[in-house]
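Keep the viewer open and follow along, one topic at a time.

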Amino acid sequence: MTGDPQTEEAAQAQPQTLDPGLVPQQRLVGRLSALAVSALSLIGVTIALLVADDLGGAGRAGLVAIWLAVMTGLQWLAHMWPARVFAHTRYTLDADGLQISRGVYWRETTYVPRSRVQHTDVSQGPVERRYGLGTLVVYTAGTAHARVALQGLAYDTALALRDALRLDRPDDTV
Amino acid sequence: MPFAWIARMTPSEQRLHPASIVFDIARYARIFAWPALLAWMSGNRGRQVPGVPDGIDVASFETWLWVLILPSVGLSVVRFLTFRIQYGADELVIRSGLLFRNVRHVPFARVQNLDAVQNPFHRALGVVDVRVETGSGGSEPEARLNVLPAAALDEMRARVFAGRIERHHAQHADAAGDDAAGPPAMAGVERVPVVHLSPKDLLLLGLLENKGMVLVGAAYGLLWEAGMMDWLWGGLFDRTLDARGLFRAIGAFFLGRGPLPVGRLAIATVGIAAALLLVRAISMVWALVRLWDFRLDRIGDDLRVTYGLFARVTATIPVRRVQSITVQRSWLHRQIDRASVRVETAGGQSGAATRDREWLAPLVNESEVARVLGVAMPGTPLACEWRPVHPRAFRRAVKPPLIAALLLGAAMAMVLGWRSLLLSVPFVAWTVWSTRGHVRHLAWTMSDGLIAYRSGWFSRAETLVRLNRVQSVNLRQSPFDRRASMASLGVDTAGGGEFSHRVAIPYLDAELARQTQRRLAHAAARTEFQW
């Protein structure tokens, strides 16, 4: 730590939002997943329609309607959920460490002190690359929260955060 | 600032040894070897069946083998081509992946272990399989470099451990280092006894912990295996099986359809009591054998635990590796002023794998608890004032079980009639009473040196964590929490078991929880974590 932690905190401790690119990226991933679910369940529904002889016309129509409703619901969820996730996620890097707040209904704030970071990963999948996003993963020696991941950062931000989390005083550790 | 370290030292980039493709494929081949062998054998047998054209089975097996192995070979090649190791001034940078790219930074100072494995094949090719462990929460090594040229390992060792010796000296010179509390290294190597359990204590312990059922279960299993159960069962219960209708009779009484079966109830009660006593007696003998001559000694900076009558166990717990301490007091414990003390340790030498819950004192006088804690957490002021949780905690905690009880009561009333509601009255009363007891005994405290959490009503447990052992701090709010502006606060430490009592304080005032989280994180950030 350099300087007075209080002033440094005041200078840095602004809660940051994720990269807005997270929303279209997660929407794409969500829609593709929903499509995959639709395709798979369509097979099931088709088999059910072919096999169930005693199902009347209304029953068949109902089955198809339920399937359509569920699949539309999934697409709607895939569209709407990422925006809510984006709105409810904040991270703060201050003199003490990294604080991540998230959760739409069940909220959670995890604070990882700087000196407890064992090692870090910055990773980027194919879809993330298209949107210039990356994921920062911070590892601690803990048990329940040994791996704290922050998804949806701009790739350069993820790199900068990782560099900022590097040990300040490597000479002091064992 | 981000790239300042590059200027200090030219980064040398390194790939894996090309032989790593061969070793990778060999690893996959080993996975496929057994199924392949089976397929081959069945293929051979298939050929002997008349009418099946020659070669079909073998051909299909080979086709399948290629389908399975070719992608893995491709993956091995891609892994080899994309894997890069880079040495920074004070960290190891590992890049991997083509589609899913990953960059891992491992600070040298965090490396616990550089394990090198060299089997004869490795030796023949002059390579080593290197595992870098930092002891983070997972069970896997943080980096597996399969395989490196043997010379590269020497370079890695030199770079990772360079400056470690100077740092070591610097730290010892710096009296105000991280573990200001730690006793000086040369505090003396004489044995200082801390806890010693006499046979009387052990009998008491066996009575309290009641592990007899474990032995009864084991004996039951053994008898079952030996086929002696039928013989025993017949001899014991042949004539008493008419007690079977007992529960039905009691149920009938409560529904107003019959008299209370007093005589049979008495016999059953006596029988059950006798069985329970026998189980307790077995437990006492078991404790005596298992923990015979239990000793906890302090030897220098280590705690040493020794026990056992037949198999003498000796476990050494370095004081600095103590992550948290849990003191447990059941109802019986409290009646006779005793407690039991456990520590959670984190393995340092062998990475994250060795996590043990260990006894510090299975049974100790209440007056001795503070002394035992002082030995396991030297220098930490343990005197503290317990703080209760939120005043409205009870009102919240009682709601879910009450709603469940009312729903159950309503269902019973519908099925069995209104009289059965009488049964749910004591149930509801018990729910309210036990919830009240539970919430009343929730407490926490935080001082400059430690955070502690206490829970449990009949059986109480309190866990103490030194602030320099805090790994991360977690604040959670369910929708119900938010409505009541409460939160729960969890403290993550290394080496906590799945089912161990952890610091996870529910029903805190949200603002207080937030402040406490900040304070904890700040205190933890100022100290370095030591294995």
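## Two antiparallel helices in chain B

In this predicted model, α14(B) and α15(B) are roughly antiparallel to each other, a label for angles over 145 degrees, where under 35 is roughly parallel, 65 to 115 roughly perpendicular and the rest oblique. Helix α14 covers residues 393–416 of chain B and helix α15 residues 421–440; their axes cross at roughly 165° and come within 9 Å. Axes here are lines fitted to C-alpha atoms, for helices over the stretch in contact, and angles run from 0 to 180 degrees between N-to-C directions. Helices themselves are DSSP runs (H or I, at least four residues), as strands are (E, at least two), and both are numbered from the N terminus.

Which residues make the contact? On the α14(B) side they include B:F394, B:L402, B:L408 and B:M412, and on the α15(B) side B:L423, B:F427, B:V432 and B:V439 are among them. Contact means heavy atoms within 4.5 Å. By class, the contact of α14(B) with α15(B) has 16 nonpolar, four polar and one charged residues. Ala, Val, Leu, Ile, Met, Phe, Trp, Tyr, Cys and Pro count as nonpolar, Asp, Glu, Lys and Arg as charged, and the others, Gly among them, as polar.

## How to read the values

Residues are numbered from 1 along each chain as its sequence is written, while chains are lettered from A and ligands numbered from 1 in the order in which they are written. Because this is a predicted model, local features need pLDDT of at least 70 and side-chain atom pairs count only at pLDDT 80 or more, whereas totals for chains, interfaces and linings use all residues; side-chain values use heavy atoms, with hydrogens and water left out.

## An oblique pair in chain B

Now turn to helix α7 (residues 199–209) and helix α11 (residues 262–290) of chain B, whose axes come within 7 Å and cross at roughly 135°. That angle makes α7(B) oblique to α11(B). α7(B) passes α11(B) in a right-handed crossing.

From α7(B), the residues that meet α11(B) include B:P199, B:L203 and B:E209, and their partners in α11(B) include B:R280, B:M284 and B:R290. The contact of α7(B) with α11(B) divides into eight nonpolar, two polar and three charged residues.

## A helix pair in chain A

Chain A has its own pair: helix α2 (residues 22–51) and helix α3 (residues 57–87) pack at an angle of about 165°, with axes 8 Å apart. That makes α2(A) roughly antiparallel to α3(A). Their contact has 18 nonpolar, six polar and three charged residues. α2(A) passes α3(A) in a right-handed crossing.

Chain B contains 17 helices and 21 strands. Of its 531 residues, 40% count as buried, which means under 20% relative accessible area, with exposed over 50% and partly exposed in between (1.4 Å probe, protein chains only). Among the contacts in chain B with a separation of 6 or more, 58% join residues 24 or more positions apart. The accessible surface of chain B is about 29300 Å², and 65% of it belongs to carbon and sulfur atoms; accessible areas come from the Shrake-Rupley method with a 1.4 Å probe, and for residues only the protein chains shown count as cover.

Chain A has five helices and six strands, in the order α-α-α-β-β-β-β-α-β-β-α from the N terminus on. Buried residues make up 41% of its 174 residues. The accessible surface of chain A comes to about 8300 Å², with 65% from carbon and sulfur atoms.

## Residues worth a look

Is B:Y507 buried or exposed? At 19% relative accessibility, B:Y507 counts as buried. This residue sits in strand β21 (residues 504–509) of chain B, and its phi is near 55°, a positive value in a residue other than glycine. B:D293 also has phi near 55°, but its place is the loop between α11 and β9 (295–299) of chain B. At 22% relative accessibility, B:D293 counts as partly exposed.

The peptide bond from B:N146 to B:V147 is cis, with omega near 0°, and B:V147 belongs to strand β7 (residues 143–149) of chain B.

Definitions and conventions: A crossing is left-handed if the near helix is turned anticlockwise from the far one by less than a right angle, and right-handed if clockwise.
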